[in-house]
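Here is a short report on one protein model. Look at the sequence and the 3D view, then read on.

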Amino acid sequence: PENEQAYKANVAANGNSALLRQIFVSRAGHCAFTPAETITAAKALLQRLATGQWGSGLASAATLNKRATGLGPAYNVFSANGQLVPTPAAFQRFTPPPYLRPFDMPSASGTP
């Protein structure tokens, strides 16, 4: 997730922090999301696009976990060794560590 910190810094440098929300799932593996977490994240983004606002707590870990859990046990599963395993929603508040590689993507103003 370190690259997410670099992306956030670039967005902030361009004065667009109010437009960005980053959500994290605490689970080992690359893109290890349950169907419920994926659906919940997509719905949050669609709500933001429809209303033009993030709204109170729309992207908070507690709200996202509640919404994902509300989708029921059929969507709160993860595939492991060919089996679907019941898996609770695992959105969490998280601050990525510093990005260790140089990040020189130019900003909209042309400066890194």
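## Contacts and overall layout

A contact means that heavy atoms lie within 4.5 Å. Take the contacts in the protein between residues at least 6 apart in sequence: 61% of them join residues at least 24 apart.

This is a predicted model, so local features need pLDDT of at least 70 and side-chain atom pairs count only at pLDDT 80 or more, while totals for chains, interfaces and linings use all residues. Residues are numbered from 1 along each chain as its sequence is written, and side-chain values use heavy atoms, with hydrogens and water left out.

The protein has three helices and four strands. Both kinds are DSSP runs, numbered from the N terminus: helices (H or I) have at least four residues, strands (E) at least two. Starting at the N terminus, the order is α-β-α-α-β-β-β. Along the principal axes, the C-alpha atoms fill a box of roughly 50 × 35 × 20 Å.

## Surface and burial

The accessible surface of the protein is about 7700 Å². Carbon and sulfur atoms account for 59% of it. Areas come from the Shrake-Rupley method with a 1.4 Å probe; for residues, only the protein chains shown count as cover.

Buried means under 20% relative accessible area, exposed means over 50%, and partly exposed is in between. Of the 112 residues in the protein, 24% are buried.

## Threonine 34: a buried loop residue

Threonine 34 sits in the loop between strand E1 (24-25) and helix H2 (35-51). Threonine 34 counts as buried because its relative accessibility is 0%. Leave out residues up to four places away in sequence, and threonine 34 touches Arg27, Tyr75, Asn76, Val77 and Thr87.

## Leucine 46: an exposed helix residue

Leucine 46 lies in helix H2. Its relative accessible area is 55%, so leucine 46 is exposed.

Strands E2 (residues 77-80) and E3 (residues 83-86) pair in the antiparallel sense over four bridges. Pairing requires at least two DSSP bridges between two strands. Serine 79 has leucine 84 in E3 as its bridge partner. For alanine 80, the partner in E3 is glutamine 83.

E2 and E3 form a hairpin with two residues between them. In the turn, asparagine 81 has a positive phi of about 55°.

Conventions: Buried < 20%, exposed > 50% of the residue type's maximum accessible area, 1.4 Å probe, protein only.
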